[in-house]
Amino acid sequence: MTEQVVIIGSGPAGWSAAIYAARANLNPLLFEGTPQAEMIPLGQLAFTTEVENYPGFPFGNVREFVESSVAKDRHWNLPPMPDEQRDGKPYYAVQGVELMELMKQQALNFETRVVSDDVVDVDCSGSPLRVIPANGDAVESQTVIVATGARANYLGLASEEAYKNKGVSACAVCDGALPIYRGKPLAVIGGGDSAVEEATYLANLKGAATIYIVHRRDQLRASKIMQKRAMEHPNIEMVWNSTVEEVFGDGNLVTGIKLKSTVDDSVRELSVGGMFVAIGHTPNTAFLHGKLEMNEKGYIQWAAPFRTLTSVEGVFAAGDVADDYYRQAITSAGTGCMAALDAERYLAAHEA
Ligand code: NDP
């Protein structure tokens, strides 16, 4: 059997493509990935807490809606209701996992078929295309939508590698509340929205000590509203013009980082119980083995402006895997929709 549309990826782009393809009667098959691979199920939003900027999800008690919409066997995946108070009001913004579970449910409601496996290759040498999963048989398809997203970068230091999960992490939201970090001064590396968001999250945890944002310049790249949040936070301290030269510890846990100045030759040590790296992302395109045209950072390049076509006929790209600029859940969802429409039009044009 040859599929009409195979979607690779289960973030906002993947599920949006699935919803549109399913409603166009294209009977999509979606590979959602496994936690073992680069592309994780439900994408990067699975690592996020409150999502304040996804249109249609204003503050409010969204939990009741989520619970009534998502299949009961996935309720275990929903995070506990946050109890933070903001301006005296309970803070019930939709959580990243909740938003993704809602998107998944919406795709399932239109009978998207989901495979919990990773794709390790796509054979683009002929038509139909062949999607090769890690486990199981190759799947033939007339079109493929690549929506595998991107993943966090690390600094690349040997000492950073040695202390991964012992005080080094690339996800404050996933790991910051763990006992090894509790009440300790912590460093967040980077100057973008991610760094500020992670630092703010850590600084708001109960009993938080000082959270240092270590940045290689003297100006943040983060958006103005995020900058303001960090600058005004009593627990956040900026460490400008500095890069991390070494992570050190007692062998079991991180106890500090060695910082090198970017303006002179000075070096200093900062006592911290953890380092959170927030220095950008790498697209999950290794499994394509360079078969699609990509930019210098490895992001898939669209073959025409504002069209999700790639350099290979019948292959479309959506979401962060093709976007090193906007990288928002809403833009990913938008391009997922575009890719499904592009695939639908491609199939109509190539109808036998
Ligand atoms: P960015 O690329 O925006 O920022 C990366 C930061 O890391 C930069 O400040 C960069 O420094 C620094 N950096 C890069 N490499 C190194 C290195 N080797 N050593 C030290 N520092 C380094 O990535 P983000 O992940 O922060 O954001 C990605 C996108 O996602 C952005 O478009 C952002 O707006 C968006 N985002 C939005 C959020 C929201 O709206 N709530 C939350 C999080 C992300 P330099 O500035 O000098 O280049």
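Reader: What should I know about the model and the numbering first?
Author: It's predicted, so to speak: local features need pLDDT of at least 70, side-chain atom pairs count only at pLDDT 80 or more, and totals for chains, interfaces and linings use all residues. Residues are numbered from 1 along each chain as its sequence is written, and side-chain values use heavy atoms, with hydrogens and water left out.

Reader: OK, how many salt bridges in the whole structure?
Author: The search finds 12, each a side-chain nitrogen of Lys or Arg within 4 Å of a carboxyl oxygen of Asp or Glu.

Reader: Which residue does Glu 3 meet?
Author: Arg 113, at 2.5 Å, N to O. Glu 3 sits in strand β1 and Arg 113 in strand β5, 110 residues apart; strands are DSSP E runs of at least two residues, helices H or I runs of at least four, numbered from the N terminus.

Reader: Is Glu 3 buried or exposed?
Author: Buried, at 6% relative accessible area, where buried means under 20%, exposed over 50% and partly exposed in between (1.4 Å probe, protein chains only). Arg 113 is partly exposed at 28%.

Reader: Switching topic: what's the strand order in the sheet with β15?
Author: β14-β15-β16, open and antiparallel; two strands pair if DSSP finds at least two bridges between them. Seven bridges join β14 to β15.
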